Each structure stands twice: as structure tokens, then as C-alpha cells.
Amino acid sequence: MIKNYLKIAWRNFTRNKTFSFINIAGLALGLATCILIMLYVQHELGYDRYNKKADRIARIYFEGNVQGQKMKESTVMAPVAQTVKTDFPEVEQATRIRVNYEKPKIICKGNVFKDDDFACVDANFFDVFTIPFIEGDKTSALTEANSVVLSEATAKKYFGKEEAMGQVITLKDGNVPYKVAGVMKDIPSNSHFHFDMLASMEGVHESKEANWMSSNFYTYIVLKNESDYEKLDAKLPQLVDKYIGPQLKQGLGQTLEEFRKSGSDISFHLQPLTAIHLYSDFQNDLSVPGNVQYVYIFGAIALFMLLIACINFMNLSTAGASKRLKEVGIRKVLGSFKKELSFQFLTESVLIAAVAFVFALAIIYAALPFFNQLTGLSLSLNFSQHPLLLPGLVTVILITGLLAGSYPAFYLSSFKPVQVLKGKFTNNKKSSGIRSSLVVFQFFISITLIVSTIVVYRQLSFIQHKDLGYDKNQVMILSNLWQLGNKQDVFRNQLENDPRVEMVSSSRYLPAGSSDNNNFFITSAQKPGDIIKTLRYEVDEKYIPTLGIKLKEGRNFSPEFKADSSAIIINEAAATALGITNQPIGQIINKNLKSGERVSFTVIGVVKDFHFRSLHEHITPLLMTLTPDKGNLIVKLKTKSPSSLAADLQKRFAAYGAEDPMEFSFLDERYNAVYNTEQKAGLILAVFAGLTIFVACLGLFGLATYTAEQRTKEIGIRKVLGASAVQVTQMLSAQFIKLVIIASLIAFPAAWWAMNKWLQGFAYRINISVWVFVAAGIAALLIALITISFRSIKAAIANPVKSLRTE
């Protein structure tokens with residue numbers, strides 16, 4: 001019986017080549033898109049789940065509100081780990097990570113390596129996180145100071161085929177030797193931290209200090225079985241009263257009670273390990289976080305793409321039902337039951353889904369390199385590594401086939417044999433209405449995606465062209481100048497005298513890309529009880545003019561004024577927070593030191609607010625102090641060919657005896673990199689929106705073809721009676737255009753709600769204009785019209801004699 005079903009299915013498949021092609025092409029694209037996106041979604045949702053204790057691990061983070069300025073830091077104080085383990089019986093284990101943000105130079109057997117990520121961790125780190133060992137004992141590997149565990153790839157890079165255990169590597173900075181005490185498996189790609197080597201925390205003096213005013217440690221806890229996560233989270237603020245309170249007076253000049261009375265507060269909270277990647281919004285984290293919004297968006301696109309392909313199948317199968325009326329009638333007269341006919345039609349749909357799946361696999365393998373480049377991931381469709389993948393895909397095929405074939409199967413098997421054999425059956429209004437509803441749904445999704453794509457690209461364009469308050473163009477950043485030693489000043493002087501250079505400044509603090517962050521808690525003489533959280537930029541006198549930052553009041557730093565060593569320049573946001581907007585120049589700003597002493601600064605200037613952080617965030621208070629250092633060189637260029645200048649500087653850099661090439665970047669590129677996630681999401685959205693529209697148009701083309709075939713004689717009669725080709729085309733197109741307009745009216749409010757929600761993630765954003773919806777609607781109408789017109793025009797210009805000669 002099954003063999004007979006398959007034979008009939010194949011005959012129908014080859015007899016209706018156009019509809020079969022549309023069904024297979026649509027399903028193949030739908031399946032390929034769905035599987036590609038689900039690989040991405042699975043990767044994102046699977047972050048950190050390789051850990052056996054993942055459901056019991058949480059990270060402690062620090063949160064506060066200082067006079068309206070929010071703080072949220074993923075690092076906490078050194079004593080927090082041991083304290084929570086001692087004070088709270090729910091905590092089974094606690095461990096810490098202390099990160100070295102700059103990749104150190106490693107000397108091994110005379111070779112120098114400089115591209116490896118390094119961190120210090122507690123000895124129990126491998127009891128908390130599941131990272132298997134290849135060499136050594138994970139329980140004792142990091143119990144001694146200056147011991148280190150290497151990743152498998154790093155061990156091979158350093159020692160080749162030799163055993164790494166017991167070997168010595170040296171950190172060039174400080175000439176510190178480390179003994180290799182273990183080799184671990186490479187940390188999985190879907191982990192929120194990635195390190196090439198982990199050293200013992202025993203050698204970090206800061207880790208043993210009882211300092212509750214400095215937070216530099218990523219701290220994780222393991223909850224005991226059956227412990228309540230939320231109850232423990234509610235207890236953590238007790239740490240503030242018990243431990244931070246006694247040190248707050250010395251650090252900020254206020255008691256905890258005074259601090260809270262001023263409207264400020266601080267606390268600790270827990271973040272589940274499995275939520276770190278998708279739900280983090282910290283300034284500095286161990287890796288660039290994902291965005292759960294994009295997981296939802298792309299997951300929805302995957303589902304809708306597959307649904308649209310299935311809808312095509314349903315529409316074309318029910319629309320073409322008249323071609324199989326006699327088959328159904330004869331089978332029923334010969335004794336076939338409804339369930340047997342339903343099973344036959346479901347078999348056909350599953351067969352088409354299986355054929356489509358073969359083509360989908362080819363599309364996936366062809367598209368994966370591009371998709372990986374787009375997402376920055378290394379996804380693969382590897383059946384050997386993922387044994388559940390093949391059964392999962394087979395299940396998807398069956399579900400897709402059954403979903404796509406369910407309505408056609410029950411619809412076709414419900415025909416009454418007497419009616420269909422007498423030729424009295426017509427495609428009823430009910431089935432036509434269902435097809436129309438499905439077309440509306442397809443274009444509802446397509447138009448929503450068109451609107452979303454336009455909004456995303458408008459926001460990205462807004463980001464690119466917004467006045468940032470500084471000039472990011474023609475600015476080169478030179479790094480790793482420490483290699484020049486005492487020749488840095490000579491190098492800078494030569495650079496300043498180069499005719500291709502307009503101005504040079506030196507600072508570690510940059511308004512775009514990764515940069516040092518130096519939190520500074522200050523008070524004004526007018527409001528000594530109000531502590532204001534600001535960022536402090538240490539700059540030289542040329543920083544402001546080099547970046548084109550505009551002075552609103554006062555003056556810039558000057559080497560002619562020796563008192564400028566205790567002067568500050570603030571932004572407008574700081575002036576507002578300090579309550580000195582009327583007469584800011586000459587105001588005294590105080591800062592309490594850890595020693596209990598107070599340092600005073602005099603405001604000599606106010607700069608207009610500029611965006612020194614992402615446009616996702618509002619501009620916050622900032623102050624600048626005159627602290628010339630040997631950080632980055634910020635070079636404002638005159639030349640229009642910066643590559644030739646960079647090449648010359650590289651030669652000059654090497655001539656001064658630098659071991660490594662000069663590292664350089666451009667400020668506008670650093671700025672663009674901040675929005676890399678949004679740019680990738682916009683491109684992915686545009687690609688999948690195009691594919692969705694294409695699949696929807698495939699179905700529309702099939703329905704237009706069917707409609708034209710069904711109305712062949714009507715068209716012939718109309719043409720004989722004088723109807724023009726234009727009138728016939730309008731008649732055939734009208735019903736589909738009406739459906740697209742209905743879909744537009746439904747899609748517009750849904751798209752506005754979804755994109756307005758997405759835009760809320762930006763502090764500075766566009767307004768969604770009416771023209772966006774008008775453009776999306778017109779685009780959908782034109783696409784639909786072009787799709788339909790090809791078949792409608794062909795039917796309209798056909799010779800009426802041919803269509804009527806059988807009458």
C-alpha cells in the first residue's frame with residue numbers, strides 16, 4: 001500500500017511540474033532558512049550550558065544609584081566570594097576571576113607570544129566550571145602561586161608535541177615565571193569567557209585585601225541543591241550594611257545613612273550563569289554580550305518563513321483540487337475510505353517535504369560560510385558531533401510535511417463521489433476564503449519585515465550621521481607606544497612636525513570603542529552632601545582641540561598655568577548634576593581619597609555634551625583633568641591618504657627598536673564597531689526579509705497561474721465581447737491587490753509596535769515616520785503586481801479562439 005501511495009505521489013509530482021517546482025522551491029528555502037536560523041538560536045540559547053552545574057551557578061554583580069546616575073558593574077570586591085560562602089549557608093562554592101585586559105607578552109623557549117588571553121582564578125575554579133583536563137590534576141593545579149593552566153591549543157602552540165606539564169613560561173612584563181601545572185580542553189565557543197591560560201590567584205595580593213571600595217573581581221557562586229535563588233538574591237543587600245557601610249565614610253566622606261538619605265543606594269544581586277550572554281548590559285564584561293531581542297526576532301523569522309512555505313503548499317494544493325476530482329471520486333466508489341485518502345495525500349506532502357529537504361541541505365551547506373561571516377560565529381551542520389541533529393531534522397521534515405499537507409488532505413478526501421463524478425463540484429467560497437486568508441498572512445509577515453528593515457537601516461543611518469559633539473573623521477589612534485621607552489617624546493615631536501598631521505594629543509581615554517573607564521565620585525562646595533558619580537578622563541592640553549570638542553564656557557588647559565594641575569573641565573551633564581549651571585567657572589569640586597584626605601579641583605571650563613559612550617545610553621557626567629601620560633597618541637590628520645602615513649610611521653616605529661609593529665586604528669572605525677551587532681542584525685534581517693518575500697511571491701505566482709487557468713474560457717468570452725488586454729489584466733490582478741492592501745493595514749500597527757520596542761534600546765533614536773509605512777505598502781504592492789502581471793498579461797494576450805474552440 002505504501003509503495004502504491006509513493007508511486008501515485010511521484011506521478012502527480014511529475015505531471016504538475018510548475019506547482020511541484022513552486023512547492024519544492026518554497027519548502028526548500030523555508031527549511032534552509034529555518035534550520036540556519038535555528039542553528040544560530042540554539043548556539044545563543046546554549047551559552048554556558050556545557051557546565052554540569054549551570055543551573056546552580058550565578059554571578060554576583062554590583063548595582064547602584066548615585067544621585068540619579070546608575071551604576072551596574074559585573075565585577076565586585078575581592079572579599080565578596082569568601083564572605084557570601086561564610087555568611088549564607090545556601091552557597092556551596094564561590095570562585096573569582098581577575099582579568100588582565102591587555103594581552104601579555106609570553107616568553108617560551110626563546111619565542112615571544114602576544115595574542116593569548118590571560119586571567120587569574122581561584123584554585124576551585126575548575127570545581128565550579130566544567131572544563132576537562134588533558135594533563136594535570138584540576139583540584140591541585142592552581143593551589144600554588146605562579147602556577148598556570150594552558151588551553152590545549154595554547155599548549156600545542158608553545159610546546160608542539162612536547163608535554164607541557166612542568167614547563168616554564170615567563171610574562172615579559174615584570175619577568176614573572178609561571179610553571180605549567182595543567183592543560184585544559186579549549187573553552188567552548190558558546191562560553192561567556194574565553195581564556196588561553198589561567199593562572200593561580202595566590203599571586204594576586206589584591207585578592208587577599210579586605211577592601212570593599214574597589215571592585216575588580218568577577219565572582220561566581222554555586223548554590224546548594226534545592227536552594228532558592230530569589231531568596232538568596234533578596235539577602236545580598238545585607239552585605240552593604242555589614243561590610244561596605246563601615247568603609248564608606250573613608251572612601252566617599254559620608255556614612256551609609258547619609259548616603260541613602262541623599263537619594264543614593266547600592267546593592268548586590270545575582271545573575272544566573274545561563275542568562276549572562278543574552279541579558280547583560282554592563283559597561284565591561286568578559287565578552288561582548290548577545291541580545292535576546294535578536295534571538296526572538298530571528299526565531300520568529302525562521303518560524304514564519306517555514307509557515308509561509310507551508311501556506312504555499314496548502315494554497316496550491318487546494319486551488320488545484322479540481323484536477324484530482326475524478327481520482328478522488330473513483331477511489332471512493334471503489335471502496336477507499338476518507339482516512340486512506342487522507343493518508344495518501346499526507347504521504348505526497350511528506351514526500352515533497354523530503355525532496356525539499358535534500359535541496360535545503362544543499363542550500364545550507366552553500367550558505368553556511370556566508371552566514372558565519374555575517375554572524376561572526378562558526379556554526380556547522382555536523383551530524384557526527386551532534387547525534388540528535390539528524391533525528392531532529394527528520395522530525396522537522398515530518399512536521400513540515402504533515403503541517404503543509406494536513407488541510408489539503410482533509411479537504412480533498414472530503415469530496416462526495418456522486419457530485420464530483422457528475423461534474424457538479426466547484427471550488428467553494430469557503431476554500432477560496434481560506435486561501436485568501438493565508439495569502440493575507442503571508443504578506444502580513446512580508447510587509448512587517450519590509451517595515452522593520454527600513455526602520456533598522458534608518459536608525460543605523462542616524463547613528464552614522466548624528467552630531468556626536470566631537471569629530472571622529474580623519475583621526476588616527478596609535479597604540480602600544482610603550483615599546484619606544486624614553487623615545488616616545490621624540491616620536492611625538494616628529495609626528496607633530498609632519499605636514500600631513502594637523503594636531504597630536506595623548507590619552508588612554510577615547511570617546512569611541514574600548515577605552516579606560518575611571519569612575520570618580522565628587523561633590524560640589526554648594527552641595528557637599530550630594531555625591532555625584534562621574535567618569536574621569538586624564539588628558540593633555542591638546543585633547544579637546546584634536547577631537548574638535550566644543551568649549552561652552554571658560555578655557556582649555558594650558559601649560560602656561562601651573563595651577564591647571566588641580567583644575568578640571570566638566571561637561572554640561574556634570575554641571576547640571578552638580579547644580580552649578582549658572583556660574584560653573586571657578587567652582588570648587590571635592591574628591592575624597594581612600595586615605596580619608598580630600599582633594600579639591602577648580603572648574604576652569606565646560607564643554608558641550610559629547611557622546612563618549614554608545615547611543616544606547618544617555619550622556620552622563622564627565623570631567624577631565626590635566627594628566628599627560630604615555631597612552632594612545634590621538635592624531636588629527638590633514639592628509640587624505642592615511643595609509644601612506646601609517647606605512648611611514650611603521651618604518652619610523654621599527655627604526656626606534658620596537659619589537660612589534662605599531663598598532664593603529666581610526667576613530668570612525670572604532671565608532672562603527674560599537675554598532676557591529678546592529679549592523680549585522682540589519683543585514684541578516686534584510687536578507688531574510690528578501691527570502692520571505694520571494695517565497696510569498698512564489699505562492700502568489702502559483703495562485704495567479706491557477707486562477708488564470710480556471711478562468712480561461714471567461715477571459716476568452718470577455719475578449720470576444722471587446723475587453724482589452726489591460727482590462728483583463730486588471731480583472732485578474734484586482735483580487736490579489738486587495739489582499740495585499742488588507743495585509744498592509746494589519747501589518748502596519750504590528751510593525752510599528754515591534755520596531756518601537758526595538759528602538760527603546762537606544763537613548764537617541766529616530767521617530768518612525770508615516771512614509772516608512774507608505775513606502776513598505778507601495779513596495780509590497782509593486783512586488784505583488786509584478787509577480788501577478790507576468791501570468792495575468794500572458795492570459796490576457798492569449799488568442800480567445802484557442803480557449804473557446806472546445807465549446
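In this predicted model, the residues lining the second largest cavity divide into three nonpolar, four polar and two charged. These residues are Phe 610, His 611, Phe 612, Arg 613, Ser 614, Glu 617, His 618, Ile 619 and Thr 620. The volume of this second largest cavity is about 40 Å³, and the structure holds five cavities of 30 Å³ or more.

By class, the lining of the second largest pocket comprises 18 nonpolar residues, four polar residues and one charged residue. At least two lining residues are supplied by each of helix H9 (292–319), helix H14 (429–465), helix H20 (676–710) and helix H22 (725–759). Of the elements contributing to this lining, H9 provides the largest share, with eight residues.

The discussion now turns to the nonpolar cores. The largest of them has 121 residues, and those with the most contacts inside it are Tyr 40, Leu 381, Phe 443, Ile 447, Tyr 470, Ile 549 and Met 624. Helix H2 (residues 17–45) gives this core its largest share, 16 residues. At least three residues of the core come from each of domain 1 (2–41 + 291–461 + 676–806) and domain 3 (475–674). A second, separate core of 29 residues includes Phe 62, Leu 239, Val 240 and Phe 268.

Phe 443, one of the residues with the most contacts inside the largest core, may be followed individually. When its neighbours within four places in sequence are left aside, Phe 443 is in contact with Ala 696, Leu 700, Val 740, Ala 743, Ala 780 and Ala 784.

Another phenylalanine, Phe 126, lies in helix H4 (residues 125–128). Phe 126 counts as buried because its relative accessibility is 2%, the cut-off for buried being under 20%. Apart from neighbours within four places in sequence, the contacts of Phe 126 are Ile 131, Phe 133, Lys 138, Leu 142, Val 149, Met 184 and Leu 198. For one of these partners, Met 184, the separation from Phe 126 is 58 residues in sequence, while the C-alpha to C-alpha distance is 9.7 Å.

Conventions. Residues numbered from 1 in each chain as written. Predicted model: local features only at pLDDT ≥ 70, side-chain atom pairs only at ≥ 80, totals over all residues. Heavy atoms only, no water. Core = buried A, V, L, I, M, F, W, Y, C linked by side-chain atoms within 4.5 Å. Buried < 20%, exposed > 50% of the residue type's maximum accessible area, 1.4 Å probe, protein only. Helix = DSSP H or I, 4+ residues; strand = E, 2+ residues; numbered from the N terminus. Domains from an automatic or database assignment. Contact = heavy atoms within 4.5 Å. Nonpolar A, V, L, I, M, F, W, Y, C, P; charged D, E, K, R; others polar. 1 Å grid on protein atoms, 1.4 Å probe; cavity = no way out; pocket = protein on both sides within 12 Å on 5 of 7 lines; lining within 4 Å. Points joined across faces, edges and corners; volume = space filled by probe spheres on them.
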